[in-house]
Amino acid sequence: SAVAADGLIYLAYRLRRPVGEGRGYAVVVAASRDGERFETLVTITQQEMDTESLERPTLVRTPQGRWRLYLSCATHGTKHWRVEVLEAGDPAGFDPAARRVVLPGDPKTGVKDPVIVRRGDLWHLWASCHPLTDPDEADRMVSDYATSADGIEWTWQGTALSGRPGLW
């Protein structure tokens, strides 16, 4: 995820290892003046987020000038995912101790990999949603769409993208 602000380019990306060796073990927020050389501002680990793995983060700036980092977090020992958010006045100031769940999923659905944009007064979100009732289908995701007035409380609007039966 990338954001251009205040003459800098900010990136949020995950660090990963192979399955069984820690998978998504951290998320990094970095900044650059030229878009080529980035300096790490903060690294957030899976241990700090109490998650088995981290996946695609989303970095956004609020209209008030604050920063949010939305993190995809795997629930330990399951195929369930949730999205948590950290908020700070500065991209180097994200504190995992102040995290909160914004997309919890439920026993039937895991939610991860949000893409978030704000247009006018409305926030838009697309997220990968995993069916969890049949373990053989857990990787057959759809992309669901949600909207929000504040980027915290979301209302699901329906499925934006889905696969075709029998095809991947």
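Me: Hi! What order do the strands have in the open sheet of 4 strands?
Reply: The order is 1-2-3-4, and the pairing is antiparallel. Strands here are DSSP runs of E with at least two residues, numbered from the N terminus, and two strands pair if DSSP finds at least two bridges between them.

Me: Which are the edge strands?
Reply: Strand 1 (2–5) and strand 4 are the edge strands, as each pairs on one side only. On average, neighbouring strands of this sheet are turned by 20° against each other, direction ignored. The axes for that angle are lines fitted to C-alpha atoms, and angles run from 0 to 180 degrees between N-to-C directions.

Me: Before I go on, where do these values come from?
Reply: This is a predicted model, where local features need pLDDT of at least 70 and side-chain atom pairs count only at pLDDT 80 or more, while totals for chains, interfaces and linings use all residues. Residues are numbered from 1 along each chain as its sequence is written, and side-chain values use heavy atoms, with hydrogens and water left out.

Me: Thanks! How many bridges join strand 2 and strand 3?
Reply: Strand 2 (residues 8–16) and strand 3 (residues 24–32) pair in the antiparallel sense over 8 bridges. As one example, Ala12 has Val29 in strand 3 as its bridge partner.

Me: New topic: how many residues has the largest nonpolar core?
Reply: That core has 20 residues, and those with the most contacts inside it are Ile44, Leu59, Leu69, Leu71 and Phe94. A nonpolar core is a set of buried Ala, Val, Leu, Ile, Met, Phe, Trp, Tyr and Cys residues joined through side-chain atoms within 4.5 Å. Buried means under 20% relative accessible area, exposed over 50%, and partly exposed in between (1.4 Å probe, protein chains only).

Me: Which strand gives the most to this core?
Reply: Strand 6, with 4 residues. A separate core has 15 residues, among them Ile116, Leu125, Ala127 and Trp154.

Me: And what does Ile44 touch?
Reply: Leaving out residues up to four places away in sequence, Ile44 touches several residues, including Tyr25, Val27, Leu69, Leu71 and Phe94. Contact means heavy atoms within 4.5 Å.

Me: Last one: where does Asp50 lie?
Reply: Asp50 is in the loop between strand 4 (39–45) and strand 5 (58–61). Its phi is near 50°, a positive value in a residue other than glycine, and Asp50 is partly exposed at 44% relative accessible area.

Me: Is Asp113 buried or exposed?
Reply: Asp113 counts as buried, at 16% relative accessibility. Asp113 is found in strand 9 (residues 109–119), and its phi is near 55°, also positive in a residue other than glycine.
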